[in-house]
Structures are given as C-alpha cells and as structure tokens.
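Here's a quick tour of one chain, meant to be read with the model open beside you. We'll start with the overall build and then look at a few side-chain contacts and the pocket.

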Amino acid sequence: RGAASFTCGSPDDPVNGTFTVALSGDRYTPGLKVKDQNYGAKLLLSFGSVSLHARVPSPAWTRLNATAEAGATEIVLITSVDWKADDAMVIASTSYESGEAEQAIV
C-alpha cells in the first residue's frame, strides 16, 4: 500500500483564501489512545504526508503609526502592506494582557 498524502496548495501555487479542516466529535467521543497516551478525539493524524501552503501576507506584522481609538474603522500603519480584503488581523494591546487584543478583518 502506498502512503497517503493530504495537500492544500503548493509552494508555487499557495492557497489564496480560507482553508478549513473541520474536526467533528464532542467531549463524549472516544479518544485515540496509543501506548498509554490519549490523543483525544479531534486530531489530524497522518501516516503519510501533510503539506499545507498558503499565501503569507507581507509583512506578517507591523506597528501602528497612530493610536487606534475604540470603534475606529481605519488604522494607520508605519509601513505599506499587501494585505487583502477579508484577511484576518489581530491588533495587540500596548499592555501585556493578551485578552485585550482585538481581532479584525481587513
């Protein structure tokens, strides 16, 4: 038997959008147990190869050039970006509290 492969995109033709792998089950679904190690019920397991290639926005991160006030619909960055409409972003807080970060869509 040949080894299986799970591929999404390629280095020369990366996925340019959303790719979703939906894992199903709930807390009552029996988990996968191998040699006393329980891996849980939701995992991506391959005995072949998994190859995922997606467009990486450039730059992947930058800094704000001005304060983003609460409710703002625009932000000013210190550098140009090639982000596309519907790209997801996280705007981090100036504090060290990760719960204060905000998610937004370009």
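## Overall build

Of the 106 residues in this chain, 4% count as buried. Keep in mind that you're looking at a predicted model. The radius of gyration is 20 Å, whereas a compact globule of 106 residues would come in near 13 Å. Along the principal axes, the C-alpha trace spans about 55 × 35 × 20 Å.

As for secondary structure, the chain has six strands and zero helices. Reading from the N terminus, the order is simply β-β-β-β-β-β.

## The aromatic pair

Search the whole structure for aromatic pairs and you get one. The partners are Phe 6 and Phe 19, with ring centres 6.2 Å apart. Their planes sit at 50°, so the pair counts as tilted; edge-to-face would need an angle over 60 degrees, and stacked would need one under 30.

Where do Phe 6 and Phe 19 sit in the chain? Phe 6 belongs to strand β1 (residues 5-8), while Phe 19 is in the loop between β1 and β2 (33-34). That puts the two 13 residues apart, and the pair links distant parts of the chain. Phe 6 has 31% relative accessibility, so it counts as partly exposed. Phe 19 comes out at 39%, which is also partly exposed.

## The salt bridge

There's one salt bridge in the structure. Arg 55 makes it with Asp 87, and the closest N and O atoms are 2.7 Å apart. As background, side chains of opposite charge can pair when their charged atoms come close.

Both residues are in the loop between β4 (49-52) and β5, so the bridge ties together parts that are 32 residues apart in sequence. Are the two partners buried or partly exposed? Arg 55 is partly exposed, at 23% relative accessibility. Asp 87 has 15%, and because the cut-off for buried is under 20%, Asp 87 counts as buried.

## The largest pocket

The largest pocket holds about 1,200 Å³ of space. Its lining is made up of 40 residues, and the closest to the centre are Ile 75, Met 89, Val 90, Ile 91 and Ala 92. Which elements give two or more residues to the lining of this pocket? Those are β5 (88-91) and β6 (102-105).

What's the lining like by class? You'll find 21 nonpolar residues, along with 10 polar and nine charged ones.

## Two contacts across the sequence

Two more spots are worth a click. Val 21 lies in the loop between β1 and β2, and at 37% relative accessibility it counts as partly exposed.

Ser 51 and Ser 5 are 46 residues apart in sequence, yet their C-alpha atoms are 7.8 Å apart in space.

Key. Residues are numbered from 1 along each chain as its sequence is written. This is a predicted model: local features need pLDDT of at least 70, side-chain atom pairs count only at pLDDT 80 or more; totals for chains, interfaces and linings use all residues. Side-chain values use heavy atoms; hydrogens and water are left out. Rings of Phe, Tyr and Trp (its six-membered ring) pair if their centres lie within 6.5 Å; planes under 30 degrees apart count as stacked, over 60 as edge-to-face and the rest as tilted. Helices (H or I, at least four residues) and strands (E, at least two) are DSSP runs, numbered from the N terminus. Buried means under 20% relative accessible area, exposed over 50%, partly exposed in between (1.4 Å probe, protein chains only). On a 1 Å grid over the protein atoms alone, a cavity is a set of points where a 1.4 Å probe fits but cannot get out, and a pocket is an open set with protein on both sides within 12 Å along at least five of seven lines; lining residues have an atom within 4 Å of a point. Grid points are joined across faces, edges and corners, and a volume is the space filled by probe spheres set on the points. Ala, Val, Leu, Ile, Met, Phe, Trp, Tyr, Cys and Pro count as nonpolar, Asp, Glu, Lys and Arg as charged, and the others, Gly among them, as polar. A salt bridge is a side-chain nitrogen of Lys or Arg within 4 Å of a carboxyl oxygen of Asp or Glu. The radius of gyration is taken over C-alpha atoms; the globule rule is 2.2 Å times the number of residues to the power 0.38.
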